[in-house]
Amino acid sequence: MIVHFVLNGRQVSPDLDPSRRLIDILRDDFFLTGAKEGCGEGECGSCTVLMDELPVHSCLVLAGQLGGHEVLTVEGLAENGELDLIQNAFVENSAVHCGFCTPGMIMSAKGLLMKNPDPTDAEIREALSGNICRCSDYRQIVMAVKDAAKRLREVTL
Amino acid sequence: MDLKYVGKDDSVFNTQDKASGEALYACDLHLPRMLQMKLILSPVPHGRVKGMDVSEALAVPGVVTILDWRNTPQVKYNRGRVRASEDVPDQETLFTDHVRFVGDRIGAVLAETKEAAELAVSLVKLDIEEYPAYITPQQVLAGPHVPIHDTDEIIRPDVIAFGDYDAEPGEELSQLSASSRTTHVAMENHCAVADYHVGSGEMEVWTGTQSVFGARSAIATIFGMDMHKIRVHKTPMGGSFGCKQEMILEPLAAAGAIATGRPVKLWLDRAEVMACTVLRHPVGTFVRGKFDADHKLTGVHLDILLDAGAYQTVSPDYCLSMAKKINWTYDMNSAEVVSASVCTNTPVSGSYRGWGGPELCFVMENFMNLAAKHYGEDPVEFRKKSILPPWSVTKVDNFNLGSLPLAEVMDRGAALFGWEEKKEMLAQQGHRYDENGDPDPEGRYLRGIGMAICTHTSGYYPRRPDWGTIVVKMEEDGSVSVNCNIHDHGCGSVLAFQKIVGEVLSMDPARVAIPEGDTLYNAIDNGCYTSRSVFVLGRSVMETAEVLKGQLLDYAQEIWNCGRDVLYCEDEAVRRTDDPSAALPYTDIAYYAADHGKGALFAAHTYWPESNAGPASADFSEVEVDTYTGHCRLTDFACVHDIGKAINPEVCRSQIGSAVQSGAGMVFCEEVRLDPKTGAILNDSLERYHVIRAAELPDVKVEFLEDGSADGPFGAKSIGEAALVPVMPAVLAALNDALGSDLSAVPVTPEKVLAYLEKEAGR
């Protein structure tokens with residue numbers, strides 16, 4: 001079936017088997033390999049993307065559910081060759097280690113900050129509890145999200 | 001020394017491509033004509049494959065071929081062997097008809113798509129004659145049985161001993177302890193891509209490995225290939241924690257590439273990672289220790305039983321790695337460590353962060369906590385009577401352990417944690433609390449505190465010859481490229497090396513390129529194991545950069561016709577103390593050297609370590625137990641780590657944090673559970689294998705001791721492995737304090753907590 005949806009700001013209309021997973025469509029058809037597969041069952045968060053501004057596990061979303069929606073992946077964040085504010089907050093706060101969870105973590109952080117522009121540490125930790133990082137105790141990631149929140153509030157003021 | 005880059009937290013230039021999603025891990029690689037490989041795994045724990053009907057599988061559109069034990073080399077190898085000259089038992093083959101565990105490799109399907117490969121695997125019909133299965137070492141040791149292996153099924157490594165334990169006077173205490181299988185949960189699943197050129201006979205492999213030379217050696221051995229025709233690239237690695245240090249996927253992908261003459265990707269899903277790569281060893285121990293009248297430890301006797309899983313691989317070495325650390329933390333007159341590594345019909349056990357260090361520390365620190373309780377003493381003060389003093393020489397292998405500030409890390413750790421205050425409060429108010437955190441003798445929650453200490457290794461010296469051969473070259477624009485066999489596990493070793501070079505040459509580390517492991521260009525190396533990267537390779541890189549700096553100064557001296565003693569390097573230029581306005585930018589020197597036919601700015605150098613200063617560290621933890629659910633939570637944690645010099649401090653803090661996450665997980669919840677009859681994994685998904693999540697971790701307090709005394713670059717010692725070593729016993733001690741128990745088997749799952757509380761209530 002032809003599925004019309006918006007991918008990183010561009011209208012796309014691929015011919016898809018409705019039972020295919022979004023993660024495979026992104027990685028295998030569009031070569032957007034930022035979303036990673038760590039578990040295939042929505043537990044690890046490495047494949048997180050935004051669908052209509054809400055974080056979703058792209059391993060649990062099927063092609064048949066995509067029609068008319070907007071999907072944003074980590075590759076859609078940078079503009080004009082520059083990382084966006086949240087990505088910069090992650091690199092500047094030493095929150096990127098092995099980097100495998102990073103794209104999903106950044107997308108979850110973006111989803112959180114769109115809803116809650118001034119989260120507490122506990123709220124950040126709660127929001128990121130669907131994303132596993134094994135390289136840290138999440139300290140630097142929490143710092144990055146707080147920093148990003150502060151910068152975003154300054155930009156929107 | 002005033003340092004400009006080392007010890008600072010800038011990692012931006014090193015991590016941007018990961019934040020942008022552009023970093024390509026092995027699983028992200030696409031090559032033209034690439035095939036997908038899917039393994040055919042044994043559904044039974046022990047047996048002989050009599051036949052395999054692949055007719056339906058081959059009929060699946062897109063299936064190219066099927067490999068099994070009959071059409072691939074049957075060369076026996078050891079996945080843990082890094083160099084072919086290593087004397088380790090060979091038991092494993094690419095594929096086997098004698099299957100030895102649920103998940104053993106019988107064959108593999110190669111297909112155009114992963115969907116086709118998966119479907120074909122499900123259509124393979126196996127005819128297997130089943131043998132009795134032995135799921136525990138005790139079942140194998142019990143007597144006659146159907147052999148799992150003809151040789152080396154049970155290996156008893158050399159007994160490590162000094163003094164005469166039996167003759168040692170003093171009171172003897174003893175303790176049994178046990179830890180379960182765990183899986184590493186590196187976020188990146190295992191993946192290898194191999195490409196074979198039929199015309200040239202050349203093989204190229206991309207893999208997130210800890211040793212490209214190890215992968216090359218395994219492929220060369222199994223397929224009888226010339227090493228110069230095999231090029232292995234280390235790709236960005238989404239975490240290892242030991243799970244990617246053995247040569248598991250690379251030879252399999254290579255077999256697929258040779259069989260088809262096409263590029264092949266072998267990617268394992270999470271269940272396959274758990275079943276078919278490597279799990280942390282289940283270890284059973286019995287420790288006996290003697291104490292003199294002052295309650296100082298005088299001798300230790302330790303029995304170790306390691307469940308190797310279906311193949312010995314690294315397990316015998318693992319026993320020795322535990323045993324040889326017996327005299328690294330505590331002073332004792334005598335010790336005797338007896339170990340055995342036993343094959344069973346279970347998934348293969350093998351490398352895990354710390355390689356025996358955490359396992360031995362778990363035994364010894366539990367035991368010291370038990371002994372402190374037995375004598376009614378404070379665990380910190382009790383330990384001070386038995387710790388080794390600074391600069392001690394261990395009685396096993398006789399090498400100096402370095403500054404070894406065990407008393408200092410304990411004292412600073414106690415202060416950082418508030419040990420005395422917390423102890424006092426628990427003594428006055430009791431261990432029970434209510435929902436609001438207020439003391440309540442009938443309260444729902446229990447709280448306890450505990451601690452543990454350790455020291456660990458910073459490389460191979462002196463147990464194995466070690467070195468680092470490095471090339472540092474300067475380009476015409478003054479930027480630098482380093483050729484070093486580095487494999488960054490994701491914990492910033494490349495970043496550390498960039499800063500080391502930046503510091504030596506006084507240049508922006510962002511202008512230093514350090515590509516990772518590549519067998520075509522790198523000098524042969526021992527691989528990024530045993531926490532040697534910074535201590536050995538980092539020092540090698542530092543010295544090589546110093547040689548290059550010498551060349552810059554030579555040419556500057558020639559250009560200026562001046563004395564050497566007035567020259568120094570700053571901000572990418574050679575400058576003069578006698579003329580503040582004079583500056584020769586590196587790029588000018590590089591062009592001078594080339595334009596005058598002097599040759600390249602190019603330094604090749606080898607460093608051989610002659611010391612192994614292990615970091616000392618002390619961990620303190622506080623645990624809360626919910627007596628209604630049995631759920632345990634870490635509520636406070638402090639670590640003081642004698643790192644010598646933290647090159648990337650924030651990244652080092654994350655190493656401690658990572659260790660706390662997985663170490664506490666191993667005490668509370670992380671456990672690969674096996675079916676007791678078949679050895680099949682019962683919880684082979686992240687839904688059923690629990691790790692501690694962001695919301696369940698406290699703010700971990702970390703302090704580094706930076707005396708700069710070690711031979712590592714700028715005085716650095718190791719951290720990656722060492723960080724994990726004392727976590728488990730420190731957390732278990734707090735849990736025991738909360739429950740008033742002496743539990744010594746982990747994990748202590750909620751069911752076990754509730755069972756313990758019920759048993760106590762019934763008394």
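A: B:Asp742 is partly exposed, at a relative accessible area of 44%; buried means under 20%, exposed over 50%, and partly exposed in between, with a 1.4 Å probe and protein chains only. This is a predicted model, in which local features need pLDDT of at least 70 and side-chain atom pairs pLDDT 80 or more, while totals for chains, interfaces and linings use all residues. Residues are numbered from 1 along each chain as its sequence is written, chains are lettered from A and ligands numbered from 1 in the order written, and side-chain values use heavy atoms, without hydrogens and water.

Q: Where does B:Asp742 lie in chain B?

A: Helices (H or I, at least four residues) and strands (E, at least two) are DSSP runs, numbered from the N terminus. B:Asp742 sits in the loop between α17 (727-739) and β31 (745-746) of chain B.

Q: With which residues is B:Asp742 in contact, leaving aside its neighbours within four places in sequence?

A: Contact means heavy atoms within 4.5 Å. For B:Asp742 the partners are B:Gln175, B:Leu370, B:Lys373 and B:Asn736. The side chains of B:Asp742 and B:Lys373 make a polar contact (2.8 Å). A polar contact is a pair of N or O atoms within 3.5 Å; within protein, one must be able to donate a hydrogen and the other to accept it, and residues adjacent in sequence count only if both atoms are side-chain atoms.

Q: How much area do chain B and chain A bury between them?

A: The size of an interface is often given as the accessible area lost when the parts come together. Here that buried area (1.4 Å probe, summed over both parts) is about 4000 Å², 53% of it on carbon and sulfur atoms. B:Ala19, B:Met187 and B:Arg693 supply 17% of the area that chain B buries against chain A, more than any other three residues. The contact takes 53 residues from chain B and 47 residues from chain A.

Q: What volume has the largest cavity?

A: On a 1 Å grid over the protein atoms alone, a cavity is a set of points where a 1.4 Å probe fits but cannot get out, and lining residues have an atom within 4 Å of a point. The volume of the largest cavity is about 620 Å³. Its lining has 42 residues, with B:Cys491, B:Ser531, B:Gln655, B:Gly720 and B:Glu721 closest to the centre. α16(B) gives the most to this lining, 5 residues.

Q: How much space lies in the second largest cavity?

A: The second largest cavity holds about 120 Å³. α9(B) gives the most to its lining, with 5 residues.

Notes
Buried area = accessible area lost by both parts, 1.4 Å probe. 1 Å grid on protein atoms, 1.4 Å probe; cavity = no way out; pocket = protein on both sides within 12 Å on 5 of 7 lines; lining within 4 Å. Points joined across faces, edges and corners; volume = space filled by probe spheres on them.
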